[in-house]
Amino acid sequence: MSVADTMTADPLARPHTDSVAAFVPDQSRAERTASFDVSAFPVPTGREEEWRFTPVKKLSALFAEGASDGLAWTDSLPAGVTVSPISASDARALGILPPQDRAAVVAAASAAAVLVDIPAEAELAEPVRVVLTGSGDTASHGHVVVRAGRHSKATLVLEHTGLAQHSELVSVVTGDGSDLTVVSTQRWSDGSVHLAQHDALVGRDATYKHVGVTLGGEVVRLNANVRYAGPGGNATLLGVYFADAGQHLEHRSYIDHNAPHCTSRATYKGALQGATARTVWVGDVLIRAEAEGTDTYELNRNLILTDGARADSVPNLEIETGEIEGAGHASATGRFDDLQLFYLQARGIPEDEAKRLVVRGFFADIIREIPLADLRDEITAAIEEELASTAYASANPAANPAANPTAPNADGQTVTKEN
Amino acid sequence: MSTHIEELNPGLKDIGRYEYGWADSDVAGSSARRGLNEEVVRDISARKSEPEWMTKLRLKGLSLFDKKPMPSWGSDLTGIDFQNIKYFVKSTEKQATTWDELPEEIKNTYDRLGIPEAEKQRLVAGVAAQYESEVVYHQIREDLEEKGVIFLDTDTALKEHEDIFREHFATVIPVGDNKFAALNTAVWSGGSFIYVPPGVHVDIPLQAYFRINTENMGQFERTLIIADEGSYVHYVEGCTAPIYKSDSLHSAVVEIIVKKNARVRYTTIQNWSNNVYNLVTKRATCEEGATMEWVDGNIGSKVTMKYPAVFLMGEHAKGETLSIAFAGEGQHQDTGSKMVHAAPNTSSSIISKSVARGGGRASYRGLVQVLEGASHSASTVRCDALLVDTISRSDTYPYVDIREDDVSMGHEATVSKVSDDQLFYLMSRGMAEDEAMAMIVRGFIEPIARELPMEYALELNRLIELQMEGAVG
């Protein structure tokens with residue numbers, strides 16, 4: 001029934017009944033649905049708060065229920081780490097967080113879960129590496145459960161490559177006093193679609209770090225969520241993304257401060273090039289009344305390299321107690337700084353090189369948080385490769401006028417200004 | 001507990017728990033109808049002898065109000081019952097032209113608001129006192145009239161200046177902009193109309209006081225300000241309302257057109273009583289080189305949802321919002337600002353300060369949008385929140401949407417609590433705890449208080465102190 005149908009021809013005949021009681025907006029992030037029940041999540045229309053930036057029309061295959069294959073899985077496991085199937089009920093018994101949107105709940109329901117088990121007290125010298133490779137554009141689902149035992153220290157790398165329509169749930173549970181770093185790289189082929197929810201239940205006095213690196217794929221949406229199992233937890237969410245023309249790269253995080261004396265930091269940095277490049281960052285932080293002594297800060301920086309790219313940045317902060325150490329967020333979006341460029345050019349560095357240096361500096365503080373030298377180099381090289389195409393276009397506007405018709409800045413541009 | 005504050009501020013005692021919380025006996029309201037339908041809208045229009053185009057516009061507003069959904073975000077508005085509201089109340093048959101002509105009852109009301117004093121001191125350029133939906137008292141200083149400044153209540157402006165009115169009415173905020181703007185268009189009554197001719201600087205702030213005085217009476221004033229090229233005007237709006245048992249609704253629409261190189265400042269200190277839903281749409285458009293400044297203080301009401309907006313349509317236009325929100329017990333202040341950059345070299349800044357105490361909730365909600373082509377635009381947003389106890393809530397929901405490469409945008413928010421160190425420092429110098437607390441809060445909002453005209457800054461400080469009573473101990 002359309003809205004017009006609800007109107008009668010004669011307004012006098014009908015009292016005004018668009019009752020406000022019909023709809024009460026969520027009063028806090030905690031009120032959003034979180035459930036293992038697929039029927040709790042209707043198929044998104046794009047009007048929902050959590051989907052309003054996302055091109056949901058391209059995602060229908062991933063919203064549909066039904067069993068499907070996963071991606072090809074290759075791993076390299078240090079001694080002591082095991083990978084084995086785990087039943088849905090055993091996974092839930094570990095305390096994994098419930099799915100928070102339609103794609104994640106479908107992934108949890110459709111895929112057989114795999115447990116990556118890092119034993120207690122283990123201090124791994126080598127990372128756990130898993131390469132997930134897609135081989136086509138049929139829908140696939142995956143559910144990876146990661147258990148880091150108490151007082152363990154480990155790094156897990158999830159590399160996503162190939163062509164895929166993939167929906168994924170990664171559920172991390174860290175033990176008391178553990179230290180876990182999860183690096184997830186999204187270097188999909190063009191045309192790939194990837195919806196992911198990466199959750200962590202952070203143990204008492206545990207340290208958890210999640211790094212998302214998103215460079216490839218047509219639509220990638222990576223939601224990184226954190227909740228605490230006890231006081232003293234420390235969570236860091238980091239992200240690097242580089243969107244070209246035609247890409248939609250979305251990162252969301254939800255840090256639920258539900259325990260006292262925990263800290264969290266979220267830092268996401270992105271660059272955009274090409275007229276239809278699109279990035280979204282939404283960072284939600286909820287400090288519940290019981291989470292006294294919380295210390296949290298969120299930061300998002302977007303570097304827009306060409307006209308027509310669009311960056312949305314929404315840091316939401318909800319605080320239900322005054323007994324906090326500190327809470328804040330900052331978001332800045334801007335272009336290259338002419339002054340920085342001038343400084344470098346004045347020292348004889350050509351424009352392309354100067355721009356490369358500035359972009360490298362822009363991303364460096366996040367990339368250096370990745371504890372693997374070879375992966376760091378690989379990501380830095382991939383970003384510079386992405387950038388090279390822009391540098392070419394802007395240094396030679398005549399070379400590709402169609403792709404960059406209005407490029408006004410052949411004479412230079414540099415890093416974001418902060419205010 | 002409050003004795004120290006009272007000693008510091010003699011006269012504060014007179015204000016009492018809620019100074020404006022009395023009600024005159026209801027002379028006009030009881031006969032007004034409750035509920036809303038086409039008949040009510042036609043009746044309002046007929047009583048005002050409005051031209052047909054306005055009647056049609058009102059009916060369009062009604063139909064859009066029916067169609068539009070309630071906002072899917074923000075506060076819980078379930079307490080509003082649209083069928084239990086009186087949409088039009090007329091308090092006196094004809095408009096008074098001098099103070100003495102006002103009925104005794106209404107004069108008493110305004111005496112308590114301090115209007116005659118302000119008038120006597122010539123602090124105000126003209127007073128449009130709104131009482132029960134229609135402006136009953138109105139005076140403009142002769143020199144303003146000489147300059148060609150039009151300052152009328154909106155109903156009279158429609159009668160006397162229909163051409164200019166029709167040209168601009170509902171152009172900044174379309175009839176169907178949102179559910180409450182549509183409602184306002186359907187049933188609007190009263191408000192201020194200001195036209196400032198090219199090059200005219202109005203040196204003294206134009207003021208209007210609004211009051212809700214009938215139980216369950218919605219107040220739907222409509223304000224339209226047009227600042228012609230190179231002009232300047234500062235409009236000050238203050239709101240107070242008596243306390244009633246059941247909830248009432250205030251849903252105003254304020255449209256401002258700032259033409260080339262003109263500057264408008266619009267100041268509000270909103271202090272509705274704690275049962276009013278305050279759902280207001282305020283928007284300004286700025287042409288080339290124009291400046292719009294919103295100074296928006298929200299102290300009262302049960303729920304306020306208000307996001308003054310500036311659409312920067314011409315090059316070098318500038319928008320600025322200073323927002324302060326104070327949420328006490330049972331209150332939700334959901335306020336902020338919206339800046340839309342639609343032209344190159346435009347700039348905007350939003351500074352928001354909020355204090356939540358006693359279980360209240362203060363939310364900043366804002367939007368900065370830089371459209372394609374708005375190159376060299378710059379925007380800064382700064383939100384600070386102060387928490388003074390453990391049961392109150394503070395939220396920040398900033399939206400940023402940038403579609404242009406050559407811009408600079410920054411947003412920053414901090415939330416802090418009043419530290420024991422700060423309190424200790426002040427108390428070691430002989431201040432009582434509540435006095436120290438009030439001083440810290442005053443210091444926190446000072447950057448905004450100093451932008452207010454003197455009498456409003458004083459009123460704001462008194463209100464803050466009243467709000468802070470009982471905050472400690």
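Visitor: Which residues gather in a patch of negative charge on the surface?
Guide: This is a predicted model. In it, B:E229, B:E287, B:E288 and B:E315 form the negatively charged surface patch.

Visitor: What makes the patch negative?
Guide: Its members are B:E229, B:E287, B:E288 and B:E315, and Glu counts as negative.

Visitor: Where is B:E287, and why is it called partly exposed?
Guide: B:E287 sits in the loop between β11 (276-286) and β12 (291-298) of chain B. Its relative accessibility is 33%. Buried requires under 20% and exposed over 50%, so B:E287, at 33%, counts as partly exposed.

Visitor: What does B:A342 touch, not counting residues up to four places away in sequence?
Guide: With those left out, B:A342 touches B:L312, B:M313, B:L371 and B:A374. As for B:S273, B:A342 is 69 residues from it in sequence and 38 Å from it in space, C-alpha to C-alpha.

Visitor: How do you know that helix α10 (residues 179-187) of chain B is largely enclosed?
Guide: Nine of the nine residues of α10(B) are buried, so the helix is largely enclosed by the rest of the structure. Among the buried residues are B:F180, B:L183 and B:N184. The elements that cover them include α3 (38-47), α4 (52-67) and β11 of chain B.

Visitor: What makes helix α3 (residues 102-110) of chain A mostly covered?
Guide: Eight of the nine residues of α3(A) are buried, including A:R102, A:V105 and A:S110. Their cover includes α1 (60-63), β4 (128-148), β5 (153-174) and β7 (193-202) of chain A.

Visitor: How do you know that B:R393 and A:E318 meet in a salt bridge?
Guide: The N to O distance between their side chains is 3.2 Å, and the limit is 4 Å. The pair therefore counts as a salt bridge. B:R393 lies in strand β20 (residues 393-402) of chain B and A:E318 in strand β15 (residues 310-319) of chain A, so the pair joins two chains.

Visitor: Are B:R393 and A:E318 buried or exposed?
Guide: B:R393 has 11% relative accessibility and counts as buried. A:E318 has 5% and counts as buried. The limit for buried is under 20%.

Visitor: Why is B:K56 called exposed?
Guide: B:K56 has 56% relative accessibility and exposed means over 50%, so B:K56 counts as exposed. B:E52, at 57%, also counts as exposed. B:K56 forms a salt bridge with B:E52, with the closest N and O atoms 3.6 Å apart. Both lie in helix α4 of chain B, four residues apart, about one turn of the helix.

Visitor: What makes B:K353 and B:D384 a salt bridge?
Guide: Their closest N and O atoms are 3.4 Å apart, and the limit is 4 Å. The pair links distant parts of the chain, with B:K353 in strand β17 and B:D384 in strand β19 (residues 377-387) of chain B, 31 residues apart. Both B:K353 and B:D384 are buried.

Conventions
Residues numbered from 1 in each chain as written. Chains lettered and ligands numbered in written order. Predicted model: local features only at pLDDT ≥ 70, side-chain atom pairs only at ≥ 80, totals over all residues. Heavy atoms only, no water. Patch = residues over 30% accessible without salt bridge, like charges linked within 9 Å, V, L, I, M, F, W, Y side chains within 5 Å. Areas by Shrake-Rupley, 256 points an atom, 1.4 Å probe, with all protein chains shown as cover. Charge placed at Lys NZ, Arg CZ, Asp CG, Glu CD. Buried < 20%, exposed > 50% of the residue type's maximum accessible area, 1.4 Å probe, protein only. Contact = heavy atoms within 4.5 Å.
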